[in-house]
Amino acid sequence: MRSPILLTLRFSFDQAHLQPQHHHALESAVAHLRQAITTADGKPLVVAGFTDDIGPRRYNDALARRRAQIVADALRALGITSLRVESHGKCCYVATNDTASGRAMNRRVDIRLPSPQETPKERAR
């Protein structure tokens, strides 16, 4: 079981760059994210990138990694350095991929703390 998501940033189709609303959301969440790290005894935040199911797996895996990395870089610029980047590409959907609105929900980066139940294999994803 994954720990609760602290912040989700949504991305446009085939995009991995931060929009002004992403910067605003990250800046607004800095204090909350720092507090979450402190409460979790310094465990790193997980910055996990995801895609919808359009396109080849290899491409989506790389796109998910780019999304997560760009968010991690922005967090580091804001002084949050205890981070672990993950990418999931074509998996782990939160909505259907049968509709445009569902696919839009799946194109995201989630920021969360690692859950105590995660095994080393889960952490390596």
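In strand E4, Arg 112 is the bridge partner of Val 46. Strands, like helices, are DSSP runs numbered from the N terminus, with at least two residues (E) for a strand and at least four (H or I) for a helix. Two strands count as paired if DSSP finds at least two bridges between them. The model is predicted, so local features need pLDDT of at least 70 and side-chain atom pairs pLDDT 80 or more, while totals for chains, interfaces and linings use all residues. Residues are numbered from 1 along each chain as its sequence is written, and side-chain values use heavy atoms, without hydrogens or water.

The sheet is open and holds 4 strands in the order E1-E4-E2-E3, with mixed pairing. Strands E1 (5-10) and E3 (83-87) stand at its edges; each has a single partner strand, so one side of each lacks a neighbour in the sheet. From one strand to the next, the twist averages 15°.

Two helices meet this sheet. Helix H1 (residues 20-39) packs on it and touches E1, E2 and E4. The direction of H1 makes about 165° with that of E1. Helix H2 (residues 57-77) lies across E1, E2, E3 and E4, at about 160° to E3. Axes are lines fitted to C-alpha atoms, for helices over the stretch in contact; angles run from 0 to 180 degrees between N-to-C directions. Contact means heavy atoms within 4.5 Å.

Val 109 sits in strand E4. Its relative accessibility is 0%, so Val 109 counts as buried (under 20% relative accessible area; exposed is over 50%, partly exposed in between; 1.4 Å probe, protein chains only). The C-alpha atoms of Val 109 and Val 47 are 6.7 Å apart, although 62 residues separate them along the chain. Beyond four places in sequence, Val 109 touches residues including Leu 7, Phe 11, Arg 67 and Val 71.

Asn 60 lies in helix H2. With 2% relative accessibility, Asn 60 is also buried. A polar atom of its side chain is 3.1 Å from the backbone oxygen of Asp 52. Among the contacts of Asn 60 beyond four places in sequence are Thr 51, Asp 53, Gly 89 and Lys 90.

The structure holds 0 disulfides (pairs of cysteine sulfur atoms within 2.5 Å). Cys 91 is partly exposed at 23% relative accessible area. Cys 92 is partly exposed at 34%.

Terms used:
Polar contact = N/O pair within 3.5 Å; in protein donor to acceptor, adjacent residues only side chain to side chain.
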